[in-house]
Amino acid sequence: MLENQVDEEENWNLHTKKMKFSKEEFKAMGSLFKKRFTNISKTVVTNRIWLKSAKSSSCHVLISFPPNSSYETIHTLLDKILKAGLIVFIKEHKISNSIGFYITASYERFLQGAEELELKKLIKQKYGGGIKEFIFAEQEFYENIENEDLFLTTQEKQSIIYEILCQIKCDHSVEELILD
């Protein structure tokens with residue numbers, strides 16, 4: 001056992017190259033690292049602003065737009081999201097000059113989404129128990145259906161909203177708005 005460990009260490013030393021850099025190369029690497037770190041830190045600051053914003057218990061998904069987003073793009077996407085049956089709270093952060101869509105859905109829309117995703121839910125004991133894919137028309141058979149907070153987990157709600165957002169279709173004019 002000890003011999004294998006010694007062999008591995010020797011093998012590692014043989015394959016490890018000692019890297020030597022000139023001052024110029026080292027400075028160039030430092031400036032590249034500094035640029036990347038600056039870009040990352042800007043993103044982290046922006047994300048922290050959103051995290052510290054006023055908490056909303058009715059938010060399951062957050063979409064944030066960069067400061068240079070056009071009003072037309074934001075309005076068009078908002079319209080599409082609302083037509084998909086979702087509820088949107090819009091907040092603007094003055095510090096970062098960015099806009100966020102705090103998205104949730106009605107309980108009925110969540111249940112419709114659960115059926116679309118074929119989520120497996122518990123059946124009430126008086127109907128035989130077990131687990132079955134959720135069917136909207138058979139709501140009364142499922143355990144905790146009466147309680148919005150217990151029937152669907154936060155992760156399930158987020159998955160439902162995510163799938164609804166993925167199903168939103170943009171026509172060609174909207175794609176041009178987004179890509180510009």
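I take helices (H or I, at least four residues) and strands (E, at least two) as DSSP runs, numbered from the N terminus. I note that this is a predicted model, in which local features need pLDDT of at least 70 and side-chain atom pairs count only at pLDDT 80 or more, while totals for chains, interfaces and linings use all residues. Residues are numbered from 1 along each chain as its sequence is written, and side-chain values use heavy atoms, with hydrogens and water left out.

**Entry on E156.** I looked up E156 and found it in helix α6, where E156 is buried (under 20% relative accessible area, with a 1.4 Å probe and protein chains only), its own value being 17%. Its side chain makes a polar contact (a pair of N or O atoms within 3.5 Å, one able to donate a hydrogen and the other to accept it, with residues adjacent in sequence counted only if both atoms are side-chain atoms) with the side chain of K121, at 3.0 Å. I also noted that the backbone nitrogen of T153 lies 2.8 Å from a polar atom of the E156 side chain.

**Entry on T104.** I then turned to T104, which sits in strand β3 (residues 98–105) and is buried, with a relative accessible area of 5%. The side chains of T104 and H60 are joined by a polar contact of 2.8 Å. Leaving aside neighbours within four places in sequence, I listed the contacts (heavy atoms within 4.5 Å) of T104, among them F110 and I161.

Notes:
Buried means under 20% relative accessible area, exposed over 50%, partly exposed in between (1.4 Å probe, protein chains only).
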